[in-house]
Amino acid sequence: MIKKLFIIISLIFLTGCSFLTTQSTNIETPEMGQSPIYGKWTITKFIYNRKINQDNFLFKDIIGEDLYFSNDQVVLSNDYIKDVEYKTKYVKLSEYLYKKFNLDYKTLGIEDSDVYTTYIFDSKASRNIYYEVIKTSENTALLFYNGVILEIKLVDDKIKNDDLDKLILAKKDEVLNRGSLFDYKGDKGFLIGFKSKSDSNIPTWNYKTFYIKFSDLKLENVYEMNNIILPRNDSFSEISVQRESKGEETTDKVIVKDYKNSKLRKDDDILKADTEELKDNNSLMTINFITNNYVNVESLDRNSNNNYLRIYELDKLEDKNPLSYKDFLSEKDLNSESKNIEELKKDPYNIGIYRDNGFWKLKGRMKLSDNKFSDFDLNLVLPYEVNKYNEINIPMSQIKNFKSSIKDGFVSPDNKFLITLEKNFIRIYNIEDSKILPSPIFEREIGNEASTIMTEWAIGRYSNIWQQELSSNK
């Protein structure tokens with residue numbers, strides 16, 4: 001594709017959101033041989049993500065700009081596709097937004113319905129590069145690219161195709177000469193924690209943390225540390241699972257302590273002598289997810305042989321007060337009569353956080369007979385305070401098409417690097433022109449049945465501060 005729509009790269013990153021207010025959801029079936037998004041459209045709104053501090057005024061000139069979709073060509077605000085190819089399918093809006101984009105349709109101010117979604121490819125380039133347009137009404141649609149959503153509205157779908165092509169060609173040079181509104185060059189750091197299974201008679205997990213430092217467009221260094229090393233305000237914490245054996249009892253405990261002598265700590269900070277600790281006698285524990293506020297622990301009670309999930313506030317482990325599903329669900333969800341909610345009422349604390357399709361999601365656990373259990377997705381987008389970076393700019397379906405052995409993947413904010421978990425390895429790949437290059441630039445073995453339990457990004461000077469801290473404490 002000749003030029004990427006980088007005006008759309010991480011626009012989804014601002015707190016000053018303007019949410020959509022589409023009212024109608026009646027959508028006609030498209031004519032045979034013509035895309036449902038054919039015609040002249042106008043950009044009306046952006047939806048921003050609050051985590052990257054960009055100035056709204058950078059994009060004021062884009063609102064009101066026209067987009068053209070003919071049968072042959074497409075012109076967008078920062079992209080021109082000469083040989084366009086469309087692919088359309090019919091989906092349930094709420095389910096599709098949640099499963100593919102980890103979005104709750106209600107936050108967009110739109111109604112749930114069955115809708116047409118259209119993929120826009122450059123037929124002469126890699127099919128990995130595409131835009132997506134979801135029609136939310138006859139005259140309104142959402143345009144998706146690189147994790148950003150724009151609202152667009154139809155101006156004219158009766159215009160002749162030849163006339164559309166002329167408008168596109170007249171605008172092409174202007175679009176191709178336009179520079180990107182974003183500059184993502186600079187330092188970035190990715191902190192990833194994972195666990196891997198040990199060969200032993202009793203279930204045992206090993207924990208490691210990698211800090212991956214990128215400088216400009218190059219991989220600078222990779223630091224490997226034992227246990228989970230977690231950034232928390234002005235310091236780092238070290239989280240470990242330690243095992244005690246007394247007679248026939250074996251007990252795991254989760255321990256949270258300061259990570260050595262953190263250089264990020266201020267001079268007048270008091271070093272904590274105590275540690276936070278969580279344990280239940282004769283129970284085995286494993287960490288499934290951790291962030292600077294919360295930890296999700298899975299426990300096996302060796303007395304009853306029951307397996308259950310719990311989410312705790314990280315600073316209150318010793319209180320042993322897990323969070324309930326009611327702490328995450330809305331009043332509407334709580335009043336629903338779904339089987340999942342009824343099951344959670346039997347054990348309101350049996351909830352956990354897991355990776356699915358490139359996102360962190362909330363699940364419940366249902367007890368079955370013979371100490372077995374069944375997990376179910378709660379179809380809930382996790383609150384920002386639970387996980388501050390819960391996006392992936394390249395869909396997991398595309399990442400897995402690149403290599404079927406990939407279990408999990410993470411894309412850098414500048415869309416230049418892909419970090420993957422594949423079988424027993426962590427690997428890093430370059431991305432050029434939205435295409436993942438086939439040869440990894442880094443790989444390291446990480447153990448059997450490895451799975452991700454923590455992810456944190458650092459941008460700019462913070463990436464260098466983290467590097468100084470983590471490299472000096474090795």
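A salt bridge here is a side-chain nitrogen of Lys or Arg within 4 Å of a carboxyl oxygen of Asp or Glu. By that rule, a search of the whole structure finds 29 salt bridges. The model is predicted, so local features need pLDDT of at least 70 and side-chain atom pairs count only at pLDDT 80 or more, while totals for chains, interfaces and linings use all residues. Residues are numbered from 1 along each chain as its sequence is written, and side-chain values use heavy atoms, with hydrogens and water left out.

**View A. Salt bridge between lysine 213 and glutamate 220.** The closest N and O atoms of lysine 213 and glutamate 220 are 3.1 Å apart. Lysine 213 is buried, with a relative accessible area of 0%, whereas glutamate 220 is partly exposed at 38%. (Buried means under 20% relative accessible area, exposed over 50%, and partly exposed in between, with a 1.4 Å probe and protein chains only.)

**View B. Salt bridge between glutamate 443 and arginine 427.** Here the N to O distance is 2.6 Å. Glutamate 443 sits in strand β27 (residues 442–445) and arginine 427 in strand β25 (residues 425–432), so the pair ties together parts 16 residues apart in sequence. Strands (E, at least two residues) and helices (H or I, at least four) are DSSP runs, numbered from the N terminus. Arginine 427 counts as buried at 16% relative accessibility, while glutamate 443 is partly exposed at 41%.

**View C. Surroundings of glutamine 73.** Look for glutamine 73 in the loop between β2 (66–69) and β3 (74–76). Glutamine 73 is buried, with a relative accessible area of 9%. Its side chain makes a polar contact with the side chain of tyrosine 80 at 2.6 Å; such a contact is a pair of N or O atoms within 3.5 Å, and within protein one must be able to donate a hydrogen and the other to accept it, with residues adjacent in sequence counting only if both atoms are side-chain atoms.

View D. The buried residues of α4 (residues 339–346) are Ile341, Glu343 and Leu344. They cover an arc of only 160° around the axis, which puts them on the same side of α4; the arc is that of the directions from the helix axis to the C-beta atoms. On the other side of α4, Lys339 and Lys346 are exposed.
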